[in-house]
Amino acid sequence: MSSGLWSQEKVTSPYWEERIFYLLLQEYSVTDKQTQKLLKVPKGSIGQYIQDRAVGHSRGPAKGKKSQVGLKLLEQPHAVLLVEEKDVVEINEKFTELLLAITNCEERFSLFKNRNRLSKGLQIDVGCSVKVQLRPGEEKFPGVVRFRGPLLAERTVSGIFFGVELLEEGRGQGFTDGIYQGKQLFQCDEDCGVFVALDKLEIIEDDDNGLESDYAGPGDTAQVELPPLEINSRVSLKLGETIESGTVIFCDVLPGKESLGYFVGVDMDNPIGNWDGRFDGVQLCSFASVESTVLLHINDIIPVADDTAKSLTELSTDLEQASPPLQTPSMNSLSSENRFHSLPFSLTKVPNANGSISHSPLSLSVQSVMGELNNAPVQDSPPLAASPGSSHGLEVGSLAEVKENPPFYGVIRWIGQPPGLSEVLAGLELEDECAGCTDGTFRGTRYFTCALKKALFVKLKSCRPDSRFASLQPVSNQIERCNSLAFGGYLSEVVEENTPPKMEKEGLEIMIGKKKGIQGHYNSCYLDSTLFCLFAFSSVLDTVLLRPKEKTDVEYYSETQELLRTEIVNPLRIYGYVCATKIMKLRKILEKVEAASGFTSEEKDPEEFLNILFHHILRVEPLLKIRSAGQKVQDCYFYQIFMEKDEKVGVPTIQQLLEWSFINSNLKFAEAPSCLIIQMPRFGKDFKLFKKIFPSLELNITDLLEDTPRQCRICGGLAMYECRECYEDPEISAGKIKQFCKPCNTQVHLHPKRLNHKYNPVSLPKDLPDWDWRHGCIPSQKMELFAVLCIETSHYVAFVKYGRDDSAWLFFDSMADRDGGQNGFNIPQVTPCPEVREYLKMSPEALHSLDSRRIQGCARRLLCDAYMCMYQSPTMSLYK
């Protein structure tokens, strides 16, 4: 592709630069204005977002709109490139640092696609045991990380390298003793050290069960980097009763959904399709057309063989019931031990007197399968699917149980007869993890895809219909089913009158119990819990429900606002209940936004929901105005904490996390916010930076504000200077932002350790009253915690505060119980959890020493699973 802008001139004066970084998804060809030569900017190049000062200043391009992005290439600091928004993807600063160290853009792009490995790279720190790949094709050497950081800090952002001391057979294979360009970065013996980027490292982790695995886990590099279908290859797929054909234009894992395996984008021969090339706002493919492109899991795709003489319509209709395996490895290459790791026998094996292995009484049917396998010849042919009609009427999609003590419950995902077996097996996706189970593989062949340790393969005749659900009707369309007719017994009221939240005892009586809160339905927990947090007991955002429509608003603005106000927020506050049909109406409106998709059916994140609702539909004034190092103010709705883990800190408080993040990023609030939503430091939904986080009930943001009088940390007078380098000094109010009055600042920096500190003047109001601040009371800006949104295994729940007392907490789960089977109804529940008070009275040090398993009631989830913490100003509520 060609770029519309290329410059070798310095960009500092005509452009705004922001700490927002993008990675190029397509190769660009550009012309150097000085030499007139055609230059290539390869895929995988990284640039920093810039904007022409003449057109203003905003944070990045607006999603969903066709626009161009200005980038300053980090590898060529005086080069500016203008690219299409669809050809780049935003990456956070931590990932940028890891990727920049990889100079080969092709290898960099390959690592970027392997999100699991890239996220693990953030965990590699000094002291970690690793393996190092010094030369392609050669063995990896063991080592220990002795240094982590930039080798030369010469750019806006610098690549992170790892200094590794090689051990055992790797000693003498290195090229340094820890010195880089005359600077000693770490110490080791001569030629026993190396400096490498992340792509040459592999972290050594303890295996879950100490056994080798015969399947590739979700983070396996080969699984991500070697797609099983080539671009431009021909495939077919079954749509209804017809076979349709097309060409592969995309084959890879989806960002954030790596555990689900490969997905395939197919450009159909006929105008059939609904995929625009994006997933979760990220452009995956630039050749997609909504009218003729589909995105499906690879198990739903039929590769077209070279011999096309046989019509695809002759394929067995049983393919509807069993997904064909991607490949069948030679079973002779697997040891007899490795062959059966997908069988759920106990991993504790005890030899009998005759030398055979006895298993726990987990499944006699499984043991009999093993017996037949031991005597059966190994076949390389793919397994055949069984007929859809089977034992007890069970088929793919049936809820089933395996009669054990206790029974195993799950959904049948595959039925068939693998090679070498005379019995028909069923592949179940279990409700709970089970040691020894897989992610959908059996004997090295994949039959379906699910989470690790949840795929159980047993004889079909050993399965029974799930006894918990006596009789189930066929599964209907869950989106269309969510209507007033189907949900007749669960409908909620419409309330026109504006209603402030009921607090204390009155609010408690209205809200607690079963069938209380917001009813969940079909992956809606992210939305249910977010709305409950924002509106159940807080009015800080009620102004968004009352603003009159303006000419520039979207056509469905009034519809959305009325739905929120009269059918969700008001009924929740008066009756304590909102049914799923109201939430589905909101979800359908969200899908009208060009930048949104999947809101009626897919799992989403709260931040994605808030962005679509607040920015694209209701046009809410940004809740936060933040300035970085004197630059222009940036607007946002919530603040995501990015930071490296400090091993010296066991349980951080929200106050500490926010201050650390602001100090390290040189940020200040340009205005005191009325509502502050803070997203906890995580990498995706699953990886938590801290095992526990202490939710500060009160947040003091005085030292994080611009143009605000602040107290001297020493004498309490008016502070005139702030020193970032004093922040970690344990001798002066350890772990607190350090600002000093003029005399104290001089005294503090006379100490030999602080002589070279660089301190800056504090920004103060121009009209500051002239009184004796040293003896006066400098006001402080504080915010109160009113809700915490939590996540565990992709399920969101909420904690809200309904009164002033520290025990006034409620726990909300939109899917706490179930009425009926697959066509039944979720029952929401709101539960008091006063036990939270006892843990919030503990010090962070005491909480750190407490085993999470000993935390009583719901409090464990509040302390261990926080995803967003929500604070409000006590002086800015709508209702007084």
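Helix H8 and helix H11 cross in a right-handed sense. This is a predicted model, and the tour starts at that crossing.

**Stop 1: the helix pair.** Select residues 525–535 for H8 and residues 606–617 for H11; their axes come within 9 Å and cross at roughly 65°. H8 is therefore roughly perpendicular to H11.

**Stop 2: the side of H8 that meets H11.** Keep both helices on screen and show the side chains. Which residues of H8 meet H11? They are Tyr526, Leu527, Thr530, Leu531 and Leu534. On the H11 side, select Pro606, Phe609, Leu610 and Phe614.

**Stop 3: cysteine 864.** Select cysteine 864 together with cysteine 790, whose sulfur is the closest cysteine sulfur to that of cysteine 864. Cysteine 864 has a relative accessible area of 6%, so it counts as buried, the limit being under 20%. For the model, the count of disulfides comes to 0.

**Stop 4: cysteine 675.** Is cysteine 675 buried or exposed? Its relative accessibility is 0%, so cysteine 675 counts as buried.

**Stop 5: the whole chain.** Zoom out and colour by secondary structure: the protein chain has 16 helices and 51 strands. Of its 880 residues, 50% are buried. Among contacts with a separation of 6 or more, 65% join residues 24 or more positions apart.

Notes
Residues are numbered from 1 along each chain as its sequence is written. This is a predicted model: local features need pLDDT of at least 70, side-chain atom pairs count only at pLDDT 80 or more; totals for chains, interfaces and linings use all residues. Side-chain values use heavy atoms; hydrogens and water are left out. Helices (H or I, at least four residues) and strands (E, at least two) are DSSP runs, numbered from the N terminus. Buried means under 20% relative accessible area, exposed over 50%, partly exposed in between (1.4 Å probe, protein chains only). Contact means heavy atoms within 4.5 Å. A disulfide is a pair of cysteine sulfur atoms within 2.5 Å. Axes are lines fitted to C-alpha atoms, for helices over the stretch in contact, and angles run from 0 to 180 degrees between N-to-C directions. Angles under 35 degrees count as roughly parallel, over 145 as roughly antiparallel, 65 to 115 as roughly perpendicular and the rest as oblique. A crossing is left-handed if the near helix is turned anticlockwise from the far one by less than a right angle, and right-handed if clockwise.
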